Amino acid sequence: MSNESETATDVSRRLLLKGAGAAAGVAVGSQAITGFPAVWSQEPKVLRYLGTAVNQSSDIAKKLKEDTGIILQYISVDTDEVTKRAITQPNSFDMLDTEYFALKKLIPSGNLLAMDAKKIANFDKVTPVLTKGELPNGKKIGDQGTAPKKVMFLEGQHSTKFSATPTEWVTLIPTTYNADTLGIRPDLIKRPITSWAELLNPEFKGKAAILNIPSIGIMDAAMVMEATGQHTYADKGNMTRPEIDMTIKLLTEAKKSGQFRAFWSDFNESVNLMASGETVIQSMWSPAVTAVRSKGIPCTFQPLKEGYRSWATGFALSKGVTGKKAELAYEFVNWFLSGWAGAYLFRQGYYSGVLDTAKAHMEPYEWAYWMEGKPAEKDIHAPNGSLLEKAGTVRDGGSFETRMGGVACWNAVMDENDYMVRKWNGFIAA
Amino acid sequence: MAALAAETPSGQAPGGFFARFTAPALPGWLQAAPLAIVFGLFFVLPLIFVTVVSFWDYNDYEIIPSFTVRSYVETFEGCIDQFPDLCTILQTYVSTLKFCIIVWASTLVIGFTVAYFLAFHVRSLKWQIALTLLCTIPFWTSNVIRMISWIPLLGRNGLVNDALVSLHLVREPVGWLLYSQFSVVLAFIHLFTFFMIVPIFNSMARIDHRLVEAAYDAGASGWQTLWNVVIPLSKPGIVIGSIFVVTIVMGDFVTVGVMGGQQIASAGKIISTRLDALQFPPAAANAVIVLGITLVIINLLTRLVDIRREL
C-alpha cells in the first residue's frame, strides 16, 4: 500500500518536472516568437517579398517556413505597381517578383542587386530555355522581344549593364514561365482555329478581346500582322516607329469595326468574359483557361501555327539587402530551386526554373502529363486538390519541347516604348 | 457672437464655452491656420510638385530634373498637322466632355426630382433621413464588385437581353448594353446621382414652405412655382451638385475603363496609361491640363450663382 503510494508520488513528481520543463520550453519558445528581449533569442528570419498576388502562394510560404524557418512576408500589388515601387521605394522590400521584360527599366535604376550564381547550388541546372534561349536538346527557340537570356546576367554585381553571355551575376531567379496563346470557346466557334489571324477575323466581330497592357496588346496584333502576311517584323518586341504606326493602324481599324468586346486588365475579368460567352476568342493566360474549364465550360488554350508569345517571371534582390539578410535570401533561393516549389508551380500549369529537382517531387504520371504532353494516366489535380483534368486528356499544346520550342516572341519593353504608349492612347481615343 | 453667447446662459453650453474663452483671444488667421496648414501640405504642395514634374524630362526608368516642355508638346502631338482630323488629346476631351454633359444633365434631372420629392412630399424628418440613406445603396459594395455585377445584368446572356429576347423585342441579344458609351453613362448616373441629390435636397430643405403657399395663393400654377420659386432658391445646391458631378466625371478612369471595356478614352485613362509606363512627367502634364479645364468649367458654373453669398 505504502509502496504503491510512493510510486504514485514518484510518478507525479516526475510528471511535474516534465511539465515544468515543457512550460519552460514554451516560455522560451514564446519569447523567441514574440521578440521579448532574451540573450539567446535569434532575430526572426523574415524576408519581405514584393510581387503580384498571382505569384504569392501561401502554400509555398508555409512549406518554406517548415523547412527553413524563413517567414516570407508577401506584399501584393499589381504588375505595374511592382515596377513603380522598385524604382521609387527600393527599401520597402527585400525580394521583388517581376517579369523579365521589366528588367530593362529596373536594372538601369540601380535599385536591384545581382545575385552570385556560385552561391546557388542548382543554378547550373536552370533550364537553358531561360539562360541560353535553347531547349535542353540544344534547339534554338525564338528570341524576339525581351527574351530572358538577354537580361538574365549582368557584367558585375553592381553593374547596370546586361551581359550577352552568361556570367556569375544573375538578375532574376526564375519562378515561372510559360508560352501564351489565344484562348477559345470551341463549343461556340465550332471549327478548328489554327492561326493568330483569327483574332481579327470579322467572323468574331464583337466577340474578341486582347490584354489592356499596351506592350503585350501590340505584340498580339503583330502576330496577326505576320499571320495575315501584311508585314514581317525584324523583332516584334522592338518595333520601329513605322512598324508601330502600321500595327496600331491595324488595331484601330479592327476597333472601329467593332471587333473587340473589351480589353481585359485583370485575371478574373478574362475568366468572366470567356465563361459568360461575351468573348469566344481572346488573348489569355493558361491558369485562366483552367479556371474557365473548372466551371464546366469548354475552353481551349489553342496552339497556333505561328507560335507562342512567351513570358517568364523571377525574383530579384533589393540593393538594400546585405549581411545576414543576404544569407537568408540565398537560403530562400536555394530552397526555392530545390524542387518542392517547382513541383507546386508545375501543378498550377506553369513550368519551373529547374526542371530536374521539380521532377523529383512529382509523381511520374504528373510529369508525363505536364511536361511530356502524354495522355494523363490518372486524374490530374491542382495543388489544392481540385480536379483539373480527367484521366486520358492531353495538355493543350503538348510537351515542353513542342510548347517552349514554338515560342515566336517574348513579352517586351521596346526601345520606342514612349512613342508606342502615345500611339496606344491615340488608338484608345480613336 | 461672444456677447450673444454670454447673454444666453441656457444656450448651447459647448458653443458658449468656447465662444467665451477662445474667440476673443485668438485672431481670425490663427483659427483658420489648422485647415490652411492641412490644405497647404496635402493639396497645394502636391499640386505644385505635379506642375513642376510636368516640366521635367524623363527616360525609361527615371525622371530627369531639367526644364523641358516635351511632355506638353508630345501631349498635343498631331493637333496641327492632322487638322481638321482631331488629335488624340482633342478626341479624348471631346469624348470626356460629352460624357460630362450627358451625365450632368441626367443626374440633374433625376437628382432634382428625387430631392424635390424628399423635401416637399415626405413630411416627416425620420422618413427623409431613411430615404436619403436609401440613395446611398450603390455605395454599399466595393467598386470592383459593382462593376463586375453589370455583366450578368447587361451582358449578351444577361438578364436584360434574356428579357428582350423572350419578349420578342429583339431577335438576337444586343451587344451595346455593355462595354459601350451607353453602359458608361448608365454606371455614371447610377453612381453619381447621389452627389446631386444631397446638395439640392439641402438647399430645398431651407426653402420656407410659406413661400410656396404664397405663390399658389397668388395664382401661380405648379410649374410656375417650380420655375420661379423652387429652382431659383435651389440654385446653390444645383451648382454644388454640378461641381461634384463634373469634377468626378472629368477625372474618372475606373468607371470609363471597366464599363467601356477599356476601349473608350478619358482624360484619366491617358494619365493612368502614362503612369503605368512609368512616364511620370507626361502624366503630370495631363493632370495639369485636366485641372485647368475643370477649373474653367467650375469658374463658369460659379458665375451662374455666387455660392459664397448663398451659403
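## Salt bridges in a predicted two-chain model

In this predicted model, Arg422(A) forms a salt bridge (a side-chain nitrogen of Lys or Arg within 4 Å of a carboxyl oxygen of Asp or Glu) with Glu74(B), the closest N and O atoms lying 3.0 Å apart. The pair joins two chains, because Arg422(A) belongs to helix H17 (residues 417-429) of chain A and Glu74(B) to helix H4 (residues 70-75) of chain B; helices are DSSP runs of H or I with at least four residues, numbered from the N terminus. Both Arg422(A) and Glu74(B) are buried, that is, under 20% relative accessible area, with exposed meaning over 50% and partly exposed in between (1.4 Å probe, protein chains only). Salt bridges with shared partners connect Asp418(A), Arg422(A), Asp57(B), Arg70(B), Glu74(B), Glu77(B) and Arg274(B) in one network.

Over all chains, the search of the whole structure gives 31 salt bridges. Three of them are tabulated here.

| Pair | N to O distance |
|---|---|
| Arg422(A) and Glu74(B) | 3.0 Å |
| Lys140(A) and Glu134(A) | 3.2 Å |
| Lys249(A) and Glu253(A) | 3.7 Å |

In the second pair, Lys140(A) is exposed at 55% relative accessible area, whereas Glu134(A) is buried at 17%. Lys249(A) and Glu253(A) are 4 residues apart in helix H9 (residues 241-256) of chain A, so about one helical turn separates them. Lys249(A) is exposed at 54%, and Glu253(A) is partly exposed at 46%.

Residues are numbered from 1 along each chain as its sequence is written, and chains are lettered from A in the order in which they are written. Local features need pLDDT of at least 70, side-chain atom pairs count only at pLDDT 80 or more, and side-chain values use heavy atoms, without hydrogens and water.
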